[in-house]
Amino acid sequence: MNCNVPTDICFSFEGFCARGGKTDEHRDGWGIAFFEDLGCRLFLDDNPSISSPIAELVKKYPIKSRNVIAHIRKATQGEVGLENCHPFQRELWGNYWVFAHNGNLENFEPNLIGPYQPVGATDSEKAFCLLLQILRENFPNSKPSLEKLRQVLQTIMDIFSSYGIFNCLLSNGEYLFVYCTTQLHYLVRQAPFAAAHLVDEDITVDFQALTSQEDRVAIIATIPLTDNESWTAIAPGKLLVFQDGIPILSET
């Protein structure tokens, strides 16, 4: 989720949790990260989200954030374990960066020579470490302009996708970067707001009663979370950059 004002993700989180063992087969752990100013709350569990006590805690704790990354895992590389749960978090240029990946990179053994090393055994964490290593090599002293950053990220992610499926979310709390190789969708909710109904649970929320006219929220998901809203499919090979609830940069 990316939005222009701090917002809770309780409604979408209900559908998200159901996909972790009830309506989908992703039972190998889950995680969620909430950016709050310079801080970041990270919750991880190697239990299925549908039966996770930590998921129940998050449901009852309406944390408000402008950037949220959540992930449910189906293990392809690495055992089921807490160290292999996404999202992963590291520091770069004085900011936390959070990353989650859906897919499988085959024969991916990067040469990691810097400070970023994987703790677990997933291809995803290796990719995140290499991504940060390349960013640090290209911009050693400070964060570059958004356009320069986007160009380098596009190149990196295009290379990663040559190893297999690389759908990913990346955020530093200021922007949300979204890269697609096979399947990702997004939705922008803004005035005039209407009711939304979850695909995975029989739950409907009238956002008009919960929002102001200025609010704007972008939701990104592998498969649409609601069945009565117009979701946009992201084209393969596309890198989108979201800020304040809308995509602001994309490769043409």
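Trainee: In what order do the seven strands of the open sheet lie?

Mentor: This is a predicted model, in which local features need pLDDT of at least 70, side-chain atom pairs count only at pLDDT 80 or more, and totals for chains, interfaces and linings use all residues. Residues are numbered from 1 along each chain as its sequence is written, and side-chain values use heavy atoms, without hydrogens and water. Strands are DSSP runs of E, at least two residues long, and helices are runs of H or I, at least four, numbered from the N terminus; two strands pair if DSSP finds at least two bridges between them. The pairing is antiparallel, and the order is 3-2-4-1-12-9-13.

Trainee: Which strands form the edges?

Mentor: An edge strand here pairs on one side only. The two are strand 3 (39-45) and strand 13 (232-233).

Trainee: Which residue of strand 12 stands opposite cysteine 3?

Mentor: Strand 1 (residues 2-7) and strand 12 (residues 216-221) are antiparallel partners over two bridges. Opposite cysteine 3 stands valine 217.

Trainee: Why is the pair of phenylalanine 166 and tyrosine 179 classed as it is?

Mentor: Rings of Phe, Tyr and Trp (its six-membered ring) pair if their centres lie within 6.5 Å; planes under 30 degrees apart count as stacked, over 60 as edge-to-face and the rest as tilted. The ring centres of phenylalanine 166 and tyrosine 179 are 6.1 Å apart and their planes stand at 55°, so the pair is tilted.

Trainee: How many aromatic pairs does the structure hold?

Mentor: One aromatic cluster includes Phe99, Phe166 and Tyr179 among its members. The number of aromatic pairs in the structure is 13.
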